[in-house]
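Here are some questions and answers for someone meeting this structure for the first time.

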Amino acid sequence: MTDQSLALPQPSRLSPFPLRWFRVVFASLFTGRFSIIGLFVLTFLGVNAVTRTLLMIQSISQVDLGLVQIGAIYGMGLFYDTVTALYFIIPAVLYFTLVPDRIFRHRFHRPLVYSFLFIGIYILCYGVVAEWLFWDEFGKRFNFIAVDYLVYTTEVIGNIMESYPVYPLLAFLLLPTALLFFLSIRMPSFKLALEIPCRLKARAISGFMFLMFPVVFFFGVNSSMVRVSENTFNNELAKNGLYELFAAFRNNDLDYATFYEQRDTIEMFGRLRDLVTSDDATFLSEDPTDITRKIVNPGDEKRLNVMIVTIESMSAQYMGIFGNRAGLTPNLDKMAGEGLFFDNLYATGTRSVRGLEAVTLSTVPTAGRSIVKRPGNEEMFSLGYLFKDRGYDTKWVYGGYGYFDNMNDYYAHNGFSVVDRTDMAAEEKTFANVWGVCDGDLFSRTLKEADASFAAGKPFMNFAFTTSNHRPYTYPDGQIDIPPKTGRNGGVKYTDHAIGEFMKSARKRPWFDDTLFVFVADHCGSSAGRTSLPVKKYEIPLIIYSPKQIHPERISKLSSQIDVAPTLLALLNWNYESKFLGRNILTMKPEEERAFVGTYQKLGYLKGDRLTVLSPGGNEESFLYDRVTKDQVKVEIEPEALTDTIAFYQSASWLYKQGLMRRINED
């Protein structure tokens with residue numbers, strides 16, 4: 001869950017309340033039964049200040065530490081912590097308002113108050129640990145990734161249980177909880193709150209005032225206000241994780257037309273047609289909103305087998321051929337030197353479903369959720385159907401449970417037969433964790449599927465997705481020289497080892513010489529950076545390997561995951577009708593090179609060394625990116641680059657909403 005803060009365009013000013021109303025609420029915090037809520041709010045603010053400090057220490061090298069910057073982080077943080085606290089206490093306010101005096105002050109009621117206070121404080125302490133672990137993984141406060149993970153409790157809870165000493169941590173949290181609890185109940189105001197009478201009218205006034213604040217905040221406060229710096233780490237620290245979690249849950253699906261700059265549809269499609277045209281393409285319609293093109297590739301059509309392997313979290317920075325000296329990827333490095341190696345290619349997003357979407361649909365990332373997880377994503381114009389319509393066996397092979405992220409349903413309705421963990425016999429699963437069988441087992445089953453297609457006399461296109469390079473980084477003992485569960489390096493090296501064994505076995509197959517192997521990452525291992533879209537965190541490898549079919553070449557053209565499918569089809573010399581937004585990298589002209597990077601709300605277009613970013617609320621940014629130094633400097637918006645960015649993202653959203661990304665009816 002790598003990603004960014006929610007920023008929605010809901011600017012409305014807070015209406016001023018009479019000063020006496022503030023005095024009523026303030027007095028209610030520290031007198032009468034509501035003083036218990038006041039103590040809890042103070043505890044909430046203190047615990048969140050500690051959380052903010054711990055996260056700052058963890059990323060101290062990335063944070064701007066000037067006095068003004070630190071003041072802004074804690075000042076804005078205090079505001080959002082207060083807003084969140086007032087949301088958090090709504091159930092308690094309702095309860096304290098409605099419970100009659102004779103019950104509230106009864107001695108048998110006190111244990112209930114103590115219990116709820118203890119549980120509330122425990123939840124706060126648990127939140128500190130949860131935020132620390134999430135920050136360690138993603139460099140963000142809770143966001144849409146956390147929302148997605150809440151949906152898939154089996155995998156997420158299993159991942160946590162396998163990655164961390166959960167039960168000792170939960171037991172340890174009883175210590176700070178008990179300390180804060182006893183400090184609270186020993187406060188004089190707490191003791192008086194259980195004894196002083198509080199009439200219904202007084203309770204109603206105080207309760208009403210407490211509840212009015214969340215209502216005002218709901219309409220007048222949103223995450224777009226959390227911008228204290230150009231440094232993304234500073235902005236993330238100023239947030240409240242719980243607030244961001246619920247904000248992301250509420251707005252997990254962003255409609256482009258509602259939240260982003262919108263221009264004339266016909267004008268934008270005219271520009272899009274200019275941007276996707278190529279020497280090998282002819283538009284089939286004069287309709288400006290129809291991007292269907294006839295792609296003609298020279299030479300006789302090849303009916304080669306295709307094996308696509310999407311590698312979990314394989315950042316370019318882990319590979320030796322990109323300069324890493326840890327020796328983690330000897331097998332991938334060797335194939336990169338012996339095949340087509342694309343060394344300037346970028347992932348479209350920070351989640352697996354973004355990479356899968358880009359490779360199968362060849363489209364730019366949509367605002368909000370990936371198309372893989374959206375309703376109405378069946379029968380799309382996809383790579384799967386292009387192969388299936390030519391008589392290929394097309395199979396999606398995944399070592400985990402494919403209901404995760406809606407992957408099975410998406411692939412089953414877009415030209416693939418589905419094979420996942422549930423289809424594997426017990427003897428096929430030599431090792432597994434919560435995410436799936438180890439990559440070695442995945443590749444064994446992938447080879448089995450390829451053998452079956454070959455035996456049936458059918459060409460195949462298999463699409464395998466690895467899982468081992470994911471926390472908790474567990475894999476079979478004795479496979480590599482890095483012990484399991486010791487971190488990312490082990491996950492990377494084991495996956496590379498499994499790929500090496502996979503290729504060793506594939507070379508013995510009769511179909512090997514007639515097969516193209518495509519290795520591409522789904523996204524990078526981490527997406528956190530000092531800017532809203534750190535380009536260096538999107539750089540991934542693409543290798544197309546086939547010793548009998550492809551001459552080795554290193555290609556440094558700026559390109560995107562959405563270009564994988566058109567490039568693959570060009571290598572097969574296929575002529576086809578296309579709705580893809582990607583293009584053949586091999587024939588790209590310098591002026592056609594570009595890449596797309598994004599989160600679920602930040603939409604980026606990289607052209608040359610300029611990155612243009614669209615954000616909710618009609619906000620835009622532009623950066624100059626130095627690929628050598630990896631420096632990214634904010635600059636003025638360039639109008640033409642902004643127009644091209646809007647043309648791609650607005651038009652892609654429109655096509656999806658209008659159902660025009662559906663497969664082409666051959667009849």
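Q: Which residue lies over the face of Phe-283?
A: In this predicted model, a charge counts as sitting over a ring when, among other conditions, it is within 6 Å of the ring centre. The distance to the centre of the Phe-283 ring is 4.0 Å, and the residue that lies over its face is Arg-273.

Q: How far from the ring centre of Trp-574 is the charged end of Arg-390?
A: The charged end of Arg-390 is placed over the ring of Trp-574. Its separation from the centre of that ring is 4.3 Å.

Q: How many residues apart are Phe-118 and Phe-181, which form a pair?
A: Phe-118 and Phe-181 form an edge-to-face aromatic pair, with 5.5 Å from centre to centre and 75° between the planes. Phe-118 belongs to helix 6 and Phe-181 to helix 10 (residues 174-185), so that the pair links distant parts of the chain.

Q: Which helix gives the most to the nonpolar patch?
A: Tyr-95, Leu-112, Phe-116, Ile-119 and Ile-123 make a nonpolar surface patch of about 460 Å². Phe-116, one of these residues, is exposed, with a relative accessible area of 56%, and it lies in helix 6. With four residues, the helix that gives the most to the patch is helix 6.

Q: What is the distance between the C-alpha atoms of Pro-459 and Asp-393?
A: Pro-459 is found in the loop between helix 21 (439-455) and strand 9 (460-465), and it is buried, with a relative accessible area of 14%. Leaving aside residues up to four places away in sequence, Pro-459 touches Arg-303, Asn-305, Gly-391, Tyr-392 and Asp-393. Although Pro-459 and Asp-393 are 66 residues apart along the chain, their C-alpha atoms are separated by 6.3 Å.

How values were computed
Residues are numbered from 1 along each chain as its sequence is written. This is a predicted model: local features need pLDDT of at least 70, side-chain atom pairs count only at pLDDT 80 or more; totals for chains, interfaces and linings use all residues. Side-chain values use heavy atoms; hydrogens and water are left out. Patches are made of residues with over 30% relative accessible area and no salt bridge: like charges are joined within 9 Å, nonpolar side chains (Val, Leu, Ile, Met, Phe, Trp, Tyr) within 5 Å. Accessible areas come from the Shrake-Rupley method with a 1.4 Å probe; for residues, only the protein chains shown count as cover. A salt bridge is a side-chain nitrogen of Lys or Arg within 4 Å of a carboxyl oxygen of Asp or Glu. Helices (H or I, at least four residues) and strands (E, at least two) are DSSP runs, numbered from the N terminus. Buried means under 20% relative accessible area, exposed over 50%, partly exposed in between (1.4 Å probe, protein chains only). Rings of Phe, Tyr and Trp (its six-membered ring) pair if their centres lie within 6.5 Å; planes under 30 degrees apart count as stacked, over 60 as edge-to-face and the rest as tilted. A charge sits over a ring if NZ of Lys or CZ of Arg is within 6 Å of the ring centre and within 35 degrees of the ring normal. Contact means heavy atoms within 4.5 Å.
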